[in-house]
Amino acid sequence: MHTIRSILIAVMGLAFGLLLNTQVWANATVPAATVKAELPAQSAAEEIKAKGNSTADHSKFKALQVDFKTGPEVTAACLECHTEAAKQVHKTKHWTWEYLNPVTKQKLGKKNVINNFCTSVTSNQTFCSACHVGYGWSDDKFDFTSEENVDCVVCHDTTGTYKKLPGLSGHPNYKAMEWPPHSGKFRPATDLKKVAQNVGKTSRKTCGGCHFYGGGGNAVKHGDLDSSLDNPKRYLDVHMDANGLNFTCGKCHLSDSHEVTGSRYAPTASDANDALIRGEKGDRNPSTCQACHSDRPHGDKVSAKLNEHTDKVACQTCHIPAFARGDYATKMTWDWSTAGKLDENGHRLQIKGSEGRDVYDSKKGNFTYEHYVIPEYVWFNGTVKYTLFGDKVADKDVVKINSFQGNASDPDARIWPVKVFRGKQPYDVGNNTLGVFHTAGEDDSAFWGNYNWDKAMEWGMKAAGIEYSGKMEFVNTEMSWPITHMVAPKEDALACHQCHKEGGRLQAIQDIYMPGRNNTPILDKLGFAIALLALIGVLIHGGIRIIMSKRG
Amino acid sequence: MTERIYVFKRFERFWHWSQAALIMFMMLTGFEVHGAYKFLGYESAVGLHTTAAWTLVSLWVFAVFWHLTTGEWKQYIPTMEKVDAMLKFYLTGIFTNAPHPFKQTTLSKHNPLQRLAYLFVLVIINPLIWITGWFYLFYSSWQDWGVTWLSLEWVAFFHVVAAFMILIFFIAHIYLATAGHTPTSHIKAMITGWEETD
């Protein structure tokens, strides 16, 4: 009896031991295999990541192992392999700075519009072309057919060392140079070889190099684009969140043949469609919210009502609750009329505000900046009309440099958030046109050199090819910029009551009925008055009954 | 001599009180959506108003079925008979403890003024609030329905007009609930089903 039990225990023990052993085996072998398989793969992946996932290591190309003297030399080297690249770039707005709006027939583009920041490129190309994808644009004689004048590396640099400086007509500095001017600091000569050998895909840094700094400085122009998008947190941009989705600009602004989608001259204001399917035929803009999210993005079960808003309200209106939500305030006003005041020694004044940004500059006048700005809201169907060179000004009190078209009855219009930038700038009294003036240059007419408006205007108007009466004033101007970047996470989207109340965000939109606004004040007064009378009536009636019953 | 008659059946009482609760709740949320005050918050008010509306629709499906199958719909056939007597009672008799001019029976449980009032609710207020409410709710489908001539502003206007009518009806209704044989007899009847009458 005893022996049998012992044998049984022994057998069970053995079986258990075996079982345990297999477990251990399994535990031991599986991770070992995983580790073996993953280790080299991981390091290879890291290596590839460091090289930008490219199949080509540009530092290995003989054509790039050259001590380049100038940017065009680099471009010539690029073109040896990328034979069609410059021809492609030549067709884009990044190169031409020109755009013909097919609806309004207006000739737009940076070259042709006036704004209320630095106002006009015309006659100021040596400075403005720091943001042109080309080399050498200094006046109207620039050769737009030259392939070598295309600047490849301004967009394809990955080193962060390539910088085109204002005043150099689109070139980077090839020699060490004091920068910023009169700062005592020196920028070393651009290492073109290093830049050329490290080219890669465009990045937030390369796009941002111009687009974050529009209007003359970080965060100045757009309000929804500034250098805080180099490395944003989820709060600032749910798509670009560096620890999350980490989108580049190009993720939405899909490009083909160097043509980048998405445009401020002809924006897609509405897109009442399903999400765009890869390979789908058609000419839909892939940079819209709807291209990925569709126009019914909220899930019908969760909130059909939210989805129903998309026929009137742009996504941006709720999902970008404010602009300039990053690290920098954006410029809100620019008054050129005060420019030109100098200190007692005749020197330029630069007065900084508490945030460390210019509030007055002799070259430019007065500015104001704001952080976390609540946008203004307008109907917008995608068509923008501009007041261009020589266009007669319609309303002299406030000149609308651009005006967004659309209204409540327009099926293509949506309510959009905009940054309205307010300026005060030169105006030709005699001809009733906006002024074009010569800002920067090494000559005696540039306003930034001699602070003489008459000379600057004369030169600028002539360069723009429009008549100048010789008499100038300053007019108030407004220019609107659609707000579409820095999309907040959904928990920060607007709540219903921020619009659906008296005095809400959409108070300026009056051609549509909105529940929750004090829409029918007369009916409300009448209704509540009659209800109150009924209440008083029954109370009196009841009172009499109580009194009478006590007497009785 | 007081006698008791059974006037309100179980379903009817359930219908009345659940409808009363829903209507009060819908007035509360509805006037908030309209912008008259801030109470639950706009988003909650809209959501709850909509949910309450669908609940009331379901309740009505049952109520209509019940009225049709039991023949109780006949209770709402209007009559002008004794309307003047009722008015006179509310204006004078009620104060002097005069006898109620209307004698309730199971077959005729509403006095002539009630019949007229409820008919007004049935024929005017309810269609107005329901039709405008449905159009309001399905605003985004108008285009698919081919409804291009309607404006949300007018739909909302008449919805609010109907809502005020309900509010006024509600005040009068609650008060007149105390105007029975005794101040509480109507209310008790609506709870227990049994009405005390002369």
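The buried residues of H2(B) are Tyr42(B), Ala45(B), Val46(B), His49(B) and Leu56(B), a residue being called buried if 20 or more other C-beta atoms, placed from the backbone, lie within 10 Å of its own. The model is predicted, with local features requiring pLDDT of at least 70 and side-chain atom pairs counted only at pLDDT 80 or more, whereas totals for chains, interfaces and linings use all residues. Residues are numbered from 1 along each chain as its sequence is written, and chains are lettered from A in the order in which they are written. After H2(B) comes Gly71(B), with a positive phi near 80°.

Between the chains, 29 residues of chain A are in contact with 26 residues of chain B, contact meaning that the C-beta atoms, placed from the backbone, lie within 7 Å. On the side of chain A that touches chain B, helices H11 (300-308) and H15 (521-551) each give two or more residues, and H15(A) gives the most, with 12 residues.

Elsewhere in chain A, Leu108(A) lies in strand E2 (residues 107-108) and is buried, because 22 other C-beta atoms lie within 10 Å. Beyond its neighbours within four places in sequence, Leu108(A) is in contact with Tyr99(A), Asn101(A), Val113(A), Tyr265(A) and Tyr386(A).

How values were computed: Buried ≥ 20, exposed ≤ 12 C-beta atoms within 10 Å, placed from the backbone. Helix = DSSP H or I, 4+ residues; strand = E, 2+ residues; numbered from the N terminus. Contact = placed C-beta atoms within 7 Å.
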